[in-house]
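Thanks for making time this morning; I would like to walk you through one model, taking its charged side chains and then one of its helices.

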Amino acid sequence: MKKIKKTQINQLFEAVKNEYSVVAPVIKEGVISLDFITDISQIPSGFTEDEKGNSYKVAKSSDRFFSYSRPYLPFKRFIIPPEFVFMKVVKNDGRINFTEVIPDKKIALFDIRPCDLKALQILDDVFINKNPHPDSYYAKAREELFIVAVTCFSPTENCFCSSMGISLKPEHGYDILITELKDSFLIRAGSEKGSKILKGIKAEEVSQTDLVEEEKTIKETEKKINKKVSTENLSQILYSQIDSKQWEKVGSKCLACTACTQLCPTCFCFNIVEKNSTDGSYSERIRVYDSCFNPEFATVHRFNIRQSIASRYRQWLMHKFAYWTDQFGSYGCVGCGRCITWCPAGIDITEEIKKLREGYDNH
């Protein structure tokens, strides 16, 4: 662990940019989004996000460099895009040749917060670590990834990451971790790749005063996270409420617009479509995001087993907090709060869980 002056953050960025194409938060169309950047000045320093249920606003009112919470888009879009070709099929001289398309771009995720970092680790289990048939596209993209994480000191009103066991200062999973203090940045290398990047940057030793300031700021920030989810025996309680009338109540409000699944950093469902040439000599196999809220998602042999919106909402929430724990041993939610902010119907997943728990307690 070392310390650099705030004016040196550009040196760190340039060192990363020399090795990787950099993806970072940017302001685009009035929101804090994600995009490839070439200059540190493109990061929305000083801007904050005011989020409530079905409410979002960007304002400039902070003196911190990393002042915002997290982009409204999840970083997963730059590892597994919403739509991409993963296989090409060519017919030539009577033979059919299949060619797997593997990503080859070296990407750095610059300024990823603990919730989104944890989401990538969850996806690692889904696609690689706990998958008997590892996803070769995801594995290659992940192998080429460089991660610059940032300790989070700017939670929004909709964040509930602490309920999901996520620390504001991640302990692992990054190549470099930045913690912003009042007058400097603490930088930690989490891998050999990270150490290599930091070698060329002149840094100072960290003092005990710096560590005290870091710990104090973390504790002060934790107190700002007011939204909570009780996870005690949660999966068992949800299973017991599978026939609860609460599903119909929330289903009557839900629009099945798929916003929550599109913006969720851990949702991974996809569909496969075929794009063929008119003469049949060429075909592209394309993977596209899907959602359990889509009417055709649960269609089996022409029959839709989840015809009601209530049943689709139940599937989504149960998957995050019950089915996921059975399959992967952890929750499929990181408490980022995006689904609360961007739900046009104003549905708050933490409130729905609370109501289901109350139904269990009153049974």
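Let me begin at the surface, where K106, K193, K196 and K199 gather in a patch of positive charge, and let me say at once that what you see is a predicted model. Of these lysines, K196 sits in helix α4, residues 192-198, and counts as exposed because its relative accessibility is 60%, where the cut-off is over 50%.

Turning to paired charges, the count comes to 19 salt bridges. One of them joins the side chains of K2 and E205, at 2.5 Å from N to O, and this pair links distant parts of the chain, with K2 in strand β1 and E205 in the loop between α4 and α5, 203 residues apart. Here K2 is partly exposed at 34%, while E205 is exposed at 58%.

A second salt bridge is formed by K6 and E180, at 2.6 Å from N to O; K6 lies in the loop between β1 and α1 and E180 in strand β10, so the pair ties together parts that are 174 residues apart in sequence. K6 is partly exposed, with a relative accessibility of 27%, whereas E180, at 3%, is buried.

In the salt bridge between K227 and D348, the closest N and O atoms are 2.9 Å apart, and both partners count as buried, K227 at 17% and D348 at 11%.

Finally, helix α9, residues 309-328, bends by about 60° at H319. Because 15 of its 20 residues are buried, α9 is largely enclosed by the rest of the structure, and the helix is followed by G329, whose phi is positive, near 80°.

Note on methods
Residues numbered from 1 in each chain as written. Predicted model: local features only at pLDDT ≥ 70, side-chain atom pairs only at ≥ 80, totals over all residues. Heavy atoms only, no water. Patch = residues over 30% accessible without salt bridge, like charges linked within 9 Å, V, L, I, M, F, W, Y side chains within 5 Å. Areas by Shrake-Rupley, 256 points an atom, 1.4 Å probe, with all protein chains shown as cover. Salt bridge = Lys/Arg side-chain N within 4 Å of Asp/Glu carboxyl O. Lys, Arg positive; Asp, Glu negative; His and termini not counted. Charge placed at Lys NZ, Arg CZ, Asp CG, Glu CD. Helix = DSSP H or I, 4+ residues; strand = E, 2+ residues; numbered from the N terminus. Buried < 20%, exposed > 50% of the residue type's maximum accessible area, 1.4 Å probe, protein only. Bend = angle between axes of the 7 residues up to and from the residue.
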